[in-house]
Amino acid sequence: MSTRVLSHFIAGKAVVDAGTQQWTNMNPATGEVVSILPMDSIAAADQAVAAADEAYPAWSATPVGDRVQPLFKYKSILEANIDELADLIVAEHGKARAEAIGSVRRGIDCIEFACGAPTLMMGQTLPQIAVSSSFCRTEDEGGVPIDSTADRTPIGVCVGITPFNFPLMVPMWMWPMAVACGNTFVLKPSEKVPLSSVRAFEFADEAGFPPGVLNLVHGGADVVNHLITHDDVRAVSFVGSTKIAKHIYQTATAAGKRAQCMGGAKNYMVIMPDANHEAAIEGVIGSVFGNSGQRCLAGSAVVLVGDAGDWFVPAVVEATKKVSVASGETKGVGIGPVIDCASRERIAGYVQRGIDEGAEILLDGREALMPEGDCFIGPTIFDRVTSDMAIATDEIFGPVMSIMRASSLDEAIDTANTSPYGNMGVIFTSSGYSARRFKAASRAGMIGVNVGVPAPMSVFPFAGWGHSFYGDLHANGPDAVRFYTEYKITVTRWL
Ligand code: NAD
């Protein structure tokens with residue numbers, strides 16, 4: 001793949017503004033340079049917001065049934081080009097091709113949901129909330145009836161800032177619903193994976209969105225901070241690490257913006273002694289190691305209850321040894337490289353820290369059979385991890401499993417609830433009682449019962465708790481419609 005020097009995408013055109021600093025991305029599997037992009041073009045950010053602001057009056061006045069037509073077309077375009085998009089995702093992110101295809105399908109799922117905007121945006125009416133006359137109680141007595149309606153109206157220019165781990169899918173949590181609701185949009189994709197977003201916007205242009213409805217600007221922290229405080233921006237959607245999510249939420253809301261900020265995670269999975277063995281092993285391996293652990297819904301700490309360890313530990317180690325580590329393009333590969341060399345070093349550092357803090361290492365991912373290269377690291381399994389260790393508390397965002405032990409379900413739930421995050425909690429059990437108790441007592445927004453990655457489909461909100469989310473309205477589902485619209489209440493009296 002040849003290197004692409006990227007432009008911004010503003011008002012339907014490629015706009016060149018390289019700023020003063022550039023960022024270079026390599027294919028993490030091969031080291032080949034795949035993209036170079038500008039990092040500090042504040043002028044381009046201003047131009048993108050201006051284009052979105054200019055497009056807003058006509059777009060918000062376009063009937064919602066017409067606004068979703070480009071989305072229907074876009075869905076077909078994406079389906080026809082899923083292989084090209086998967087190639088780009090694998091090349092810039094490194095993930096296994098099957099995972100890349102799955103993530104595009106999940107993105108398309110969001111577009112399908114947004115196509116329902118004509119129904120989703122419907123408001124409420126209550127006729128005859130009162131009859132206006134000081135003397136009459138009814139119309140028959142000469143009073144004038146008063147009706148009331150609540151309409152969902154778009155809010156204006158919305159901004160989206162996205163992370164590296166799902167280059168195409170996470171932006172789809174934001175802009176399809178935002179524009180279907182009548183807003184215009186500026187996306188600032190992760191500087192680490194810009195290619196698939198740029199291509200997705202080129203396809204959106206083909207689908208027929210008017211110029212300025214969708215805009216994309218590249219950049220780093222300065223561009224983000226400029227966008228989230230810009231006078232003409234009304235709402236900010238963010239997905240990324242907890243530290244930045246908190247910063248974006250505080251900064252954007254202090255500047256008077258509506259904000260929804262999804263953060264990082266440390267997800268606990270509880271294995272009961274009565275769990276189906278195959279389902280638990282497969283579910284845990286897929287959750288902890290899938291996408292090389294770079295998911296906000298990655299299982300990370302696995303709490304074995306009672307004697308579950310007797311069957312779980314030997315079986316999970318044997319099954320993990322079969323997870324292959326190679327380029328994401330390799331047929332049937334288990335996991336590809338992590339995003340970059342710095343991530344690999346950070347993850348390897350956590351493996352060393354786990355050993356130094358006294359956990360028992362059962363499989364060392366630094367020694368896995370894998371290609372040469374800075375960005376590969378295989379699956380690691382630790383046992384006898386305790387709550388005070390960094391591998392039990394920190395989001396590692398790599399393929400590391402930390403096995404802990406608990407004598408009862410309640411002790412396991414208490415252990416999981418010590419985490420300040422709260423994205424996901426998972427239980428594997430064959431007991432309805434245990435599952436119900438886990439669901440009720442877990443302080444997490446997304447719960448899996450015998451499901452390792454309980455990612456909600458787009459009709460449901462994507463809902464983290466605690467330090468995994470700052471804001472009120474989550475991504476996707478009815479929350480997204482509420483986030484990207486505001487109510488206008490009208491009280492009417494016809495004389
Ligand atoms: P990140 O926080 O480093 O970057 C996310 C975005 O913020 C990028 O676009 C980046 O340019 C921007 N950014 C980085 N530093 C900034 C700063 N100082 N000021 C303003 N903007 C800044 O996250 P990442 O490493 O790209 O992604 C991984 C993280 O995202 C993980 O923590 C993962 O759990 C989280 N994530 C969460 C969810 C969720 O739904 N909760 C989903 C996917 C990923």
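This is a predicted model: local features need pLDDT of at least 70, side-chain atom pairs count only at pLDDT 80 or more; totals for chains, interfaces and linings use all residues.
User: What is the phi of phenylalanine 397 near?
Analyst: Most residues other than glycine have a negative phi. Phenylalanine 397 isn't a glycine, yet its phi is positive. The value is near 55°.

User: What distance separates the C-alpha atoms of arginine 344 and phenylalanine 397?
Analyst: Along the chain, these two are 53 residues apart.

User: Serine 292 isn't a glycine either, so what is its phi?
Analyst: Serine 292 is in the loop between helix 12 (277–289) and strand 14 (299–305). At 1% relative accessibility, this serine counts as buried. Its phi is positive, although serine 292 is not a glycine. The angle is about 55°.

User: How far apart in space are proline 167 and valine 104?
Analyst: Proline 167 is in the loop between strand 8 (157–161) and helix 7 (169–172), and it is buried at 2% relative accessibility. In sequence, proline 167 and valine 104 are 63 residues apart. C-alpha to C-alpha, though, the gap between them is 9.2 Å.

User: What about valine 481 and glycine 31: how far apart are they in space?
Analyst: Valine 481 sits in helix 18 (residues 477–483) and counts as buried, at 3% relative accessibility. Valine 481 and glycine 31 are 450 residues apart in sequence. From C-alpha to C-alpha, the distance is 41 Å.

User: Is glycine 12 buried, exposed or partly exposed?
Analyst: Glycine 12 is in the loop between strand 2 (8–10) and strand 3 (13–15). Its relative accessible area is 25%. Buried needs under 20% and exposed needs over 50%, so glycine 12 is partly exposed.

User: Now for the ligand: which residues around it are the closest?
Analyst: Around the ligand there are 27 residues. The closest of these are Thr162, Glu191, Ser241, Gly263 and Glu395.

User: How many of the shell residues are charged?
Analyst: Sort the shell around the ligand by class, and you get 14 nonpolar and ten polar residues. The charged residues in the shell number three.

User: Which helix gives the most to the shell around the ligand?
Analyst: Helix 10 (221–228), strand 11 (233–239) and helix 11 (242–254) each supply at least two residues of the shell. The element that gives the most supplies three residues, and that is helix 10.

User: Which domains each give at least three residues to the shell?
Analyst: One is made of several stretches, 4–120 + 153–263 + 468–488, and the other covers 268–449. Each supplies at least three shell residues, and they are domain 1 and domain 2.

User: What share of the ligand's area does the protein bury?
Analyst: Look at some contacts before the area. A backbone N or O atom of phenylalanine 164 is 3.1 Å from a ligand oxygen, and a backbone N or O atom of glycine 263 is 2.8 Å from a ligand nitrogen. A side-chain N or O atom of glutamate 395 lies 2.6 Å from a ligand oxygen. Taken alone the ligand exposes 840 Å², and the share buried by the protein is 87%.

Key:
Residues are numbered from 1 along each chain as its sequence is written. Side-chain values use heavy atoms; hydrogens and water are left out. A residue is near a molecule or strand if one of its heavy atoms lies within 4 Å of it. A polar contact is a pair of N or O atoms within 3.5 Å; within protein, one must be able to donate a hydrogen and the other to accept it, and residues adjacent in sequence count only if both atoms are side-chain atoms. Accessible areas come from the Shrake-Rupley method with a 1.4 Å probe; for residues, only the protein chains shown count as cover. Helices (H or I, at least four residues) and strands (E, at least two) are DSSP runs, numbered from the N terminus. Ala, Val, Leu, Ile, Met, Phe, Trp, Tyr, Cys and Pro count as nonpolar, Asp, Glu, Lys and Arg as charged, and the others, Gly among them, as polar. Domain bounds come from an automatic or database domain assignment. Buried means under 20% relative accessible area, exposed over 50%, partly exposed in between (1.4 Å probe, protein chains only).
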